Amino acid sequence: NLIAVSEDLAAAAAACKGGYEAGIAEERLVAVGAVKTMREFAEVLEGGAPKVHFYKRESGQWVANTFPACWWENVFFSGWRGEVWVEPGKGPTQSRLSPGADKAGITCVLGAGNQYNLTIEDIVTEMFTHNKVVICKINPVLGFLQPFLQQIFEPLISLGYLAILDGGVAEGQYLCNSDFVSRVHMTGSAATWDAIVWQGKPKVGKPPFPKFCGGELGGVTPFMVVPGNWSRLEMQYQAKNIVSGLVFNASHNCLAAQVLVTARHWPQRAQFLNAVR
């Protein structure tokens with residue numbers, strides 16, 4: 001369903017934000033993250049948790065190789081590697097992502113953010129990782145999303161596992177504080193988080209909001225460059241990566257490159273900064 005509506009969805013997103021030379025290309029690219037997430041959940045549901053290779057560091061700490069995890073990730077991300085370093089002293093085990101994940105309940109997802117894939121991924125994560133039925137309230141700015149989400153998730157909506165709603169602050173407050181909602185997940189600003197969790201009270205001690213609230217908030221994201229003996233092509237490639245991380249979606253992303261951290265005594269530091277400029 002997502003692939004079927006992806007072009008129209010990208011066009012609607014570009015019309016909402018305003019486009020430029022790339023047309024709908026950036027917005028089409030956003031769908032890739034959501035498709036990947038949904039595919040991975042489907043594979044786990046069909047065949048169980050993927051096998052993860054563990055190895056030990058010299059210190060005895062366990063490390064899990066988690067990326068790339070399949071052939072197409074190897075093709076598209078050649079030379080990249082992602083690892084999870086297990087807490088020192090802990091064993092190499094896989095477990096659920098959150099305490100009490102087996103308990104059924106209802107999550108209120110406050111769908112906002114700068115990219116529409118976030119709301120899609122939040123919905124499937126709450127359902128299939130945290131075992132929750134989901135009520136998703138769309139931020140009014142992203143009102144164009146509602147009909148597309150209803151098409152994408154029609155099988156889950158028809159079974160009563162998901163509701164897609166619109167509304168503003170009043171509707172969000174009602175859902176967050178409703179007795180039937182057991183968990184909240186939001187994407188947005190620190191001010192919204194504080195309004196939910198601290199409810200206008202001093203941020204001291206235990207928050208007055210009694211439920212779990214997950215959130216993805218804006219931040220100042222550092223990009224740290226590891227020094228080395230880089231070739232001209234490597235330098236150009238990484239400079240383009242960093243600049244792309246800054247300008248993508250007009251820098252309106254939680255993980256947009258905001259601070260560049262380099263080693264002061266790296267012999268190629270000036271050359272690299274010139275490449276970035």
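The model is predicted: local features need pLDDT of at least 70, side-chain atom pairs count only at pLDDT 80 or more, and totals for chains, interfaces and linings use all residues. Residues are numbered from 1 along each chain as its sequence is written, and side-chain values use heavy atoms, with hydrogens and water left out.

**View 1. Salt bridge between Arg28 and Glu7.** A salt bridge is a side-chain nitrogen of Lys or Arg within 4 Å of a carboxyl oxygen of Asp or Glu; by this rule the count is eight. In the pair of Arg28 and Glu7, the closest N and O atoms are 3.9 Å apart. This pair links distant parts of the chain, with Arg28 in helix H2 (residues 25–47) and Glu7 in helix H1 (residues 2–17), 21 residues apart. Helices are DSSP runs of H or I with at least four residues, numbered from the N terminus. Arg28 is partly exposed at 36% relative accessibility, and Glu7 is partly exposed at 49%. Here buried means under 20% relative accessible area, exposed over 50%, and partly exposed in between (1.4 Å probe, protein chains only).

**View 2. Salt bridge between Glu40 and Lys36.** The N to O distance of this salt bridge is 2.5 Å. Both residues, Glu40 and Lys36, belong to helix H2 and are four residues apart, about one turn of the helix. Glu40 has a relative accessible area of 34% and is partly exposed; Lys36 is also partly exposed, at 23%.

**View 3. Salt bridge between Asp194 and Lys203.** The closest N and O atoms of Asp194 and Lys203 are 3.2 Å apart. Asp194 is partly exposed at 23% relative accessibility, whereas Lys203 is exposed with a relative accessible area of 54%. Elsewhere, salt bridges that share partners join Lys36, Glu40 and Glu73 into one network.

**View 4. Nonpolar patch on the surface.** Trp71, Val75, Phe76, Phe77, Trp80 and Tyr237 form the patch, with about 750 Å² of accessible area together. Patches are made of residues with over 30% relative accessible area and no salt bridge; like charges are joined within 9 Å, and nonpolar side chains (Val, Leu, Ile, Met, Phe, Trp, Tyr) within 5 Å. Accessible areas come from the Shrake-Rupley method with a 1.4 Å probe, and for residues only the protein chains shown count as cover. Val75 is exposed, with a relative accessible area of 55%.

How values were computed
Helix = DSSP H or I, 4+ residues; strand = E, 2+ residues; numbered from the N terminus.
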